[in-house]
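I opened the notebook to look up a few packing and pairing details. My entries follow.

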Amino acid sequence: MVGLSSRQKDILTYLQQGHGVLSSTLLSDRFTVSVQTIRKDMNELSDKGLVRRVHGGISLPSPNDNLSFTNRELLNLSAKQNIAHQVVKQLEEGTSIFLGIGTTPKHVALALLDHPGLTVVTNNINAALTLSSNPNISVYLAGGAVRSSDEDTVGESATSFYRQFNIKIGIFGVGGLNENGQLLDFTPEEANLTRAIIDQSEQCWLVADQTKLGRYAPIVSGQLSEMVRIFVDEAPHNVQQLCKRNQVELVVSQQDVF
C-alpha cells in the first residue's frame with residue numbers, strides 16, 4: 001500500500017468488498033470529507049491503475065486487465081497472504097520447489113522467510129531477493145529478459161534454465177482459470193514458463209485468489225487436472241465442482257481442506 005493515504009486504502013478495501021460502482025457523493029458521506037477531496041482520491045487511485053473512473057464515481061478495473069505487479073499486489077492482499085501461509089504449512093523441510101511469477105508467489109516467499117531449509121528455483125525477482133536473506137534456503141534465479149512491470153525474468157533462456165531441474169513441488173499462479181479447467185496466461189513467454197514448471201515438477205500446487213477464478217487470458221498453459229492441489233481464498237460451488245471433476249485437492253485459506 002506504499003504511496004496511498006489511509007483513506008485511499010479504506011476506499012480501495014470498501015470497493016473490493018463487492019460494492020460495484022461507488023459514487024463520489026456516497027464516498028464523501030462515508031468518509032466525512034468534501035466531494036472535491038474524494039475526487040482527488042479517486043483520481044490518484046485511477047492514476048495508479050487501482051480503480052477505473054466511471055461517470056460520477058469509480059469501479060474496480062476490468063477483470064481482464066493485466067495490471068502492473070505493484071498495483072496487482074494491492075488487490076486482495078489479505079487473501080494472498082492467507083493463501084501463502086496455507087502453502088508454507090504444507091512444505092516439508094529440505095524439499096525443492098519452483099516458485100513462479102506473480103504477486104501470490106511473492107507472498108509465499110515472504111511466508112517462507114523462517115523456513116528451516118529449501119531449494120528454490122524461480123524467475124520471480126522479488127521472491128529470489130526475499131529468500132536469499134535466509135542462509136538455510138538455496139535460491140536459483142533464472143536469467144532472461146527483465147520485465148520491469150512484472151518484476152520477473154522471461155524468455156527462452158529462463159525457460160531453458162527451468163528445464164535443467166528435477167523439482168519436488170511446483171508452486172505458481174496463472175492469469176486466469178476458466179470453467180473448463182484451463183490454466184490461462186497473458187503471454188506465450190508466461191505460458192512457456194508455466195509449462196516448464198508443470199513438466200519438471202513431481203507435483204504442482206496452483207495458488208489462485210478469487211480474482212483469478214473465471215478470469216480470461218488468451219494463452220492456455222495447462223490444465224487443472226495436472227495439479228495436485230489448488231489453494232484459494234474462496235471456494236464457490238462451481239469451483240468446488242471443477243476441482244471434483246479434475247480430482248484436485250482444494251485448500252481454502254483459513255478453512256479445512258475440501
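Entry: The model is a predicted one, which I noted at the outset. I then placed Lys-212 in the chain: the residue sits in the loop that runs between strand E12 (201-207) and strand E13 (219-223). Which residues is Lys-212 in contact with, leaving aside neighbours within four places in sequence? I found Val-174, Gly-175, Gly-176 and Leu-177. I also took one C-alpha distance. Lys-212 and Leu-184 are 28 residues apart along the chain, and their C-alpha atoms are separated by 9.4 Å.

**Entry: H2 against H3.** Next I turned to helix pairs. Two packed helices are described by the angle between their axes and the distance between the axes. I took helix H2 (residues 24-31) with helix H3 (residues 35-47) and read an angle of about 110°, the axes being 9 Å apart. Angles of 65 to 115 degrees count as roughly perpendicular, so I put H2 and H3 down as roughly perpendicular to each other. The crossing of H2 past H3 is right-handed. I listed the residues that meet: from H2, Ser-24, Leu-27, Ser-28 and Phe-31; from H3, Val-35, Ile-38, Arg-39 and Met-42. Sorted by class, this contact of H2 with H3 has 5 nonpolar, 2 polar and 1 charged residues.

**Entry: H1 against H3.** I repeated the look-up for helix H1 (residues 6-16). H1 and H3 pack at an angle of about 75°, and their axes are 10 Å apart. H1 and H3 are therefore roughly perpendicular to each other. On the H1 side I recorded Arg-7, Gln-8 and Ile-11, which meet Thr-37, Ile-38, Asp-41, Glu-44 and Leu-45 in H3. By class I got 3 nonpolar, 2 polar and 3 charged residues for the contact of H1 with H3.

**Entry: salt bridges.** Side chains of opposite charge can pair when their charged atoms come close. How many salt bridges does the count come to? I got 9 salt bridges, counting a side-chain nitrogen of Lys or Arg within 4 Å of a carboxyl oxygen of Asp or Glu.

- I checked Asp-152 with Arg-147: their side chains meet in a salt bridge at 2.7 Å, N to O. Asp-152 is buried, its relative accessible area being 1%. Arg-147 also counts as buried, at 16% relative accessibility. I found a network of salt bridges here too, linking Arg-147, Asp-150, Asp-152 and Glu-190.
- I checked Lys-168 with Glu-202: this salt bridge is 3.6 Å, N to O. Lys-168 lies in strand E9 (residues 167-172) and Glu-202 in strand E12, so the pair ties together parts 34 residues apart in sequence. I have Lys-168 as partly exposed at 42% relative accessibility. Glu-202 is exposed, with a relative accessible area of 52%.
- I checked Arg-229 with Glu-249: the closest N and O atoms of this salt bridge are 2.6 Å apart. The pair links distant parts of the chain, 20 residues apart, with Arg-229 in strand E14 (residues 229-232) and Glu-249 in strand E15 (residues 249-252). Buried or exposed? Arg-229 counts as buried at 18% relative accessibility, and Glu-249 as partly exposed at 27%.

Technical notes
Residues numbered from 1 in each chain as written. Predicted model: local features only at pLDDT ≥ 70, side-chain atom pairs only at ≥ 80, totals over all residues. Heavy atoms only, no water. Helix = DSSP H or I, 4+ residues; strand = E, 2+ residues; numbered from the N terminus. Contact = heavy atoms within 4.5 Å. Axes fitted to C-alpha atoms, helices over the stretch in contact; angles between N-to-C directions. Parallel < 35°, antiparallel > 145°, perpendicular 65-115°, else oblique. Left-handed = near helix turned anticlockwise from the far one by under 90°. Nonpolar A, V, L, I, M, F, W, Y, C, P; charged D, E, K, R; others polar. Buried < 20%, exposed > 50% of the residue type's maximum accessible area, 1.4 Å probe, protein only.
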